[in-house]
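Please have the sequence and the model open as you read.

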Amino acid sequence: MSESGSPLDNIRIVLVETSHPGNIGGVARAMKNMGLSHLCLVNPNDFPSHGASSRASGAGDLLANAQVFDCLHAAIADCDVVVGASARLRKVAWPQLDVRQTAALAIERGGQSKIALVFGREDSGLSNSELDLCHYLAHIPSNPDYSSLNLAAAVQVFCYECRVAWLEGQSVKQDEMASGYRFDLASSEQMEGFYQHLQQTLIEIEFLDDQKNARFMRRMRRLYHRAELDVKEVDILRGILTATQRQVSHGVHEVKDV
């Protein structure tokens, strides 16, 4: 069975600030074993590394082609769906999936969109600001009394489930909004531009205090992530924001004229 052009080709594994190079090599081996080939590294502590190459054991091509970025935003800028792996509960609820649901979503969307599965630091995982960039929070339903998994082992589980979902043709049903798309989903970079525009507009209309309402903006991110906006919808919303800013500016000038 040919794997070229499969949804697996559009799934990338993103590792954030990995401490141990051996884990990078282990991840590369797990990926190649399950048919995934796109590895992205964000500020790795030690890479390239003999330790990574040694653990890769035949997956050196993935290490050679791995892309290195200085921030998570750059690593996922062109992705339409971003899933962050985390075992910790958060004060602001993210839409959550288990690893099997994540795989089904990745295979369903991977036919037309770029998917990022993001894994955090070995000791502390992903920060809240990094999870702000994710559409979903994913977890492995392990033993609650001992839920710690090595990074490479955790990636192996996700890659395995993605392969099984692809082989068996499993997929999640598209909701009415997704099935009717005429435009591509907005990329992570486009959504970040929208969030910055939204925050600035809310400050200008004196709705938002930038120093005290980080949690409010986090909730706005959750809201719009759930909506899965397409490119046209983002353009419309940003047009509304621009018109709002113009009206505020016009009102200020009128007051000054008086």
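Helix axes here are lines fitted to C-alpha atoms over the stretch in contact, and angles run from 0 to 180 degrees between N-to-C directions. Helices (H or I, at least four residues) and strands (E, at least two) are DSSP runs, numbered from the N terminus. This is a predicted model, in which local features need pLDDT of at least 70 and side-chain atom pairs count only at pLDDT 80 or more, while totals for chains, interfaces and linings use all residues. Residues are numbered from 1 along each chain as its sequence is written, and side-chain values use heavy atoms, with hydrogens and water left out.

**Helix α7 and α5**
- The axes of helix α5 (residues 99–110) and α7 come within 8 Å and cross at roughly 55°.
- That angle makes α5 oblique to α7 (under 35 degrees is roughly parallel, over 145 roughly antiparallel, 65 to 115 roughly perpendicular, and the rest oblique).
- In contact (heavy atoms within 4.5 Å), V99, R100, T102, A103, A104, A106 and I107 of α5 meet V157, F158, E161, C162, A165 and W166 of α7.
- By class, this contact of α5 with α7 has ten nonpolar, one polar and two charged residues (Ala, Val, Leu, Ile, Met, Phe, Trp, Tyr, Cys and Pro count as nonpolar, Asp, Glu, Lys and Arg as charged, and the others, Gly among them, as polar).

**Helix α7 and α1**
- Helix α1 (residues 21–33) packs against α7 (residues 151–168) at about 15°, and their axes are 8 Å apart.
- α1 is therefore roughly parallel to α7.
- From α1, N23, G26, V27, A30, M31 and N33 meet L151, A152, V155, Q156 and C159 of α7.

**Cavity**
- About 100 Å³ of space lies in the largest cavity (a set of points where the probe fits but cannot get out).
- Among the residues lining the largest cavity are D80, R109, H135, Y136 and E228.

Conventions. 1 Å grid on protein atoms, 1.4 Å probe; cavity = no way out; pocket = protein on both sides within 12 Å on 5 of 7 lines; lining within 4 Å. Points joined across faces, edges and corners; volume = space filled by probe spheres on them.
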